[in-house]
Amino acid sequence: FYLEQSVITPPGLFRASASRQSDLIHLIKDCTTMCAKTPFTPPHSLRLFLCCIVLTSLLAPTINALPPAIDIALHAQSNFNEHGWVAGSEVTTMGMKAALDSHPEVNKVGIFSPFNYGDLDVYDVVITEGYTGTLPRFIHAVRSANPDVVILHYLLDLYPHADTIIDLDVDAYLTNSKVLEERVQSHGFRSFWLPLAVDTNAFQKEMNGGSGNGNKYSDIDLVYVGQYSPSKTHLKGLLVEASEFANERGLNFTIYGHGWGRFREAFEGTEVLDNWRGVLPFNDLSDVYSSAKLVLGTTEEAQEELGMINNRVFEALACSRRILLPVGRGEMTRGLKAVLGEDLERVGVYVTDTNEGSVRGRLEELWE
């Protein structure tokens, strides 16, 4: 059973989870004990005993040399069930959990968020994603529980301030910005460039019907999913031109996200908010993206300056959908090319400048 359930590579290296390693050792010991106590006929007893000795001598050194399985805690900025809305931070931590859960040396992965610390245990590694007011206390708690814990902060923006983030009691920083990686290192801190990615089990083409009749979002042509923020400098222009284009062409332009009703004044005189359908159910994002003919994207101005590529790009591409991005600074384009290659349009990423009419012109090109 253990040979079938584990991966053994010549000349007999045993790679298994810590619990399975322990089970195997106990199994061998039990067999050895049984040989000593059970009145088998000598040939069978000797054969079984020798087999146990061989297995023990071959496997024990390798098992003892393997690192123990580790427990990892992830910290997100929000929790949909608790707060009623989805932030990119939660999507990121769920994707990291899916990846870490599949790693043979990981025992368990827990996800925590503000006011959601019920099962806080001893962890070997902690990865925090995004800053919240409770984060310093969370870091203090996990370090108090295990002084040897390794804590990494995934630096995906500079909120609330660079000094606040640098003051966090962490061992190193991860970041999706080449610019920020070098800047953090210049201040004497360890940092590593790690672009965002996507869980292709959660985001894929036609996951639950795609654009066919089996998908309740099959009528969508253009879609934007996200919250409105004045710091997303190019978002208003993007949505206004997309709304006008869709109305003229008779297309279905849809917006999903939290709190758009609070910003009616910002869109006064436009028809943008007529396209808002409220908050998207948590598990429906893949269905929406795989249904839409085109996904619209943008990012925070500060993130754009640092060349940070957000989740939306990878999620749309995983669903085999094109994405249109207004880009005002060259660093953003360089960031995209560093991850996706020089020919962005080949992979489905279409970039436009932020001049008035540029989004409209790009939409007309893409709809030909």
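## The loop at Pro 160

Pro 160 sits in the loop that links strand S6 (150–155) to helix H7 (162–166); helices (H or I, at least four residues) and strands (E, at least two) are DSSP runs, numbered from the N terminus. The peptide bond from Tyr 159 to Pro 160 is cis, with omega near -5°.

This is a predicted model, where local features need pLDDT of at least 70, side-chain atom pairs count only at pLDDT 80 or more, and totals for chains, interfaces and linings use all residues. Residues are numbered from 1 along each chain as its sequence is written, and side-chain values use heavy atoms, with hydrogens and water left out.

## Positive phi values

Most residues other than glycine have a negative phi, and most peptide bonds are trans. Phe 115, which is not a glycine, has a positive phi of about 65°. Its loop runs between strand S4 (106–112) and strand S5 (125–129). Phe 115 is exposed, with a relative accessible area of 65% (buried means under 20% relative accessible area, exposed over 50%, partly exposed in between, with a 1.4 Å probe and protein chains only).

Ser 320 also has a positive phi, of about 60°, and is found between H12 and strand S12 (322–326). Ser 320 is partly exposed, at 44% relative accessible area. As for helix H12 (residues 311–318), six of its eight residues are buried, so it is largely enclosed by the rest of the structure. The buried ones are Asn 311, Arg 312, Val 313, Phe 314, Glu 315 and Ala 316.

## Two nonpolar cores

A nonpolar core here is a set of buried Ala, Val, Leu, Ile, Met, Phe, Trp, Tyr and Cys residues joined through side-chain atoms within 4.5 Å. The largest has 38 residues, and Val 223, Val 225, Tyr 256, Val 288, Tyr 289 and Val 349 touch the most other members. Apart from it lies another core of 26 residues, including Leu 238 and Trp 367.

Leaving aside residues up to four places away in sequence, Val 225 touches Tyr 256, Leu 280, Leu 285, Val 288, Tyr 289 and Arg 312 (contact means heavy atoms within 4.5 Å).

## Where H9 meets H15

The axes of helix H9 (residues 235–249) and helix H15 (residues 358–366) come within 8 Å and cross at roughly 40°. Axes are lines fitted to C-alpha atoms, for helices over the stretch in contact, and angles run from 0 to 180 degrees between N-to-C directions. Among the residues that meet are Leu 238 and Phe 245 in H9, and Val 359 and Leu 363 in H15.
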